[in-house]
Amino acid sequence: MAIGANRIDIELYSDTRTKPTTGMRAAMAEAEVGDEQAGEDPTTNALCARVADLLGKEAAMFLPSGTMCNEIALAVHCRAGDAVVADKTSHIGNFEGGGPAAIAGVTVSGVDGARGVFSPDQAAAAVEQDYHYAPRTTLIAVEQTANLGGGTVWPLPALKAVSALAQERGLATHMDGARLMSAVVASGIAAADFAATVDGVWLDLSKGLGCPVGAVLAGSRTFIDDCWRWKQRVGGAMRQSGVLAVAGLYALDNHVSRLAEDHDNARLFADLIAAIEGVSVEPEHVESNIIYFDVKETGQTAFDIADRLAEKGVRIGPFDERLMRAVTHLDVDEEGVRIAAEALTNVVQAG
Ligand SMILES: *Cc1c(COP(=O)(O)O)cnc(C)c1O
């Protein structure tokens, strides 16, 4: 693998950077299509049926992005002025441009979970504010895997406990399953078992599954019917979306079990960089394909290190001054991860 000066050869910035494989592109070229908005795209319908079945839900809806799945689900579950309980690191609270406030009209109550996973007691404390000058909490949202938590897999018992609390309090539940299939592969627990703990759940096709675009939101028939109006409102209805949906079907056939390689490579990367003086990482916390590491003790900022890695053809995202995030995926193999770790070693040692 040649490393060029201005070319990124090893892309560990995000699993969103995957490019469609030759097989996926061939499937896209052949896809049977129709008008999605009218429910007449056969391939999109097949994808929705497939994901609904996989997640053990009655119905599903194809959307352009995971962000749109989150925003639509919040809008359906909540009314303006409500509060949503989610981890303080949640994507909905931090990376959706204030969408919950702008679209659903809700605030997000951030719970101080452990690597993105909170306990039922913490969730209870966040919804407890049952006085008339507090917002009304209507929804608890979890992230599987927890992205900023470091790709943490929510354990099934923890999900069941949060779900029981929600049921007891009459709250709805939502799972941001951007990397749900990573959690499935990492834990050996079926997607439907994770999904059974929540009312609405989605999975992203454009992360580790390697599709160019798309996410699928699933839930009860009534929930998905309600989502359709919001899909229309936010401009998410499509036409011949079968060319995209077929990529999702292809990924579900070909790119799920291989996620295990991404997890192995992530763990390998963490083990390799743990040996670098000044780099702090906890390999035992790498449960899936995301590695956060702290470079404060190297004497360089994460931004500087990222720039110098890019000069060597390796891209790793600086998260802030001291934290960096690397994400493995199907376009980076074991050799790539070893080269990236070596490049990081050199950059740090060159001071
Ligand atoms: C990427 C991501 C999203 C958003 O998905 P897009 O398809 O990029 O809009 C939501 N939640 C989590 C946890 C993510 O990692």
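Mentor: Happy to! Let me begin with a term: two strands count as paired if DSSP finds at least two bridges between them. As a reminder, strands of a sheet pair through backbone hydrogen bonds, either parallel or antiparallel. Please keep in mind that this is a predicted model.

Now to the sheet itself. Three strands form an open sheet in the order β9-β12-β11, and their pairing is antiparallel. At the edges are β9 (290-294) and β11 (317-318), each of which pairs on one side only. Take the pair of β9 and β12 (residues 323-327): five bridges join them in the antiparallel sense. To find one of these on your screen, select I290, whose bridge partner in β12 is V327. A helix also packs on this sheet: α13 (residues 302-311) touches β11 and β12, and the direction of α13 makes about 40 degrees with that of β12.

Let us step back to the whole chain. The domain assignment gives domain 1 as 10-19 + 258-350 and domain 2 as 31-254. Their C-alpha centres lie 28 Å apart, and the contact takes 17 residues from domain 1 and 19 residues from domain 2.

Two helices are also worth a visit. Start with α3 (residues 66-77), which has 12 residues and reaches 17 Å from first C-alpha to last, close to the 16 Å expected at 1.5 Å a residue. At its start, a side-chain oxygen of S65 comes to within 3.5 Å of the backbone nitrogen of T67. Helix α3 is mostly covered, with 10 of its 12 residues buried. Among the buried residues of α3 are M68, I72 and L74, but also N70, E71 and H77.

The other helix is α7 (residues 156-169), with 14 residues and a reach of 20 Å from first C-alpha to last, close to the 20 Å expected at 1.5 Å a residue. Its buried residues are L156, A158, L159, V162, S163, L165 and A166. If you colour what covers these buried residues of α7, include α6 (120-127), β5 (137-143), β6 (172-177) and α9 (191-195). Following α7 comes G170, which has a positive phi, near 70 degrees.

Conventions
Residues numbered from 1 in each chain as written. Predicted model: local features only at pLDDT ≥ 70, side-chain atom pairs only at ≥ 80, totals over all residues. Heavy atoms only, no water. Helix = DSSP H or I, 4+ residues; strand = E, 2+ residues; numbered from the N terminus. Expected span 1.5 Å × (residues − 1). Buried < 20%, exposed > 50% of the residue type's maximum accessible area, 1.4 Å probe, protein only. Contact = heavy atoms within 4.5 Å. Axes fitted to C-alpha atoms, helices over the stretch in contact; angles between N-to-C directions. Polar contact = N/O pair within 3.5 Å; in protein donor to acceptor, adjacent residues only side chain to side chain. Domains from an automatic or database assignment.
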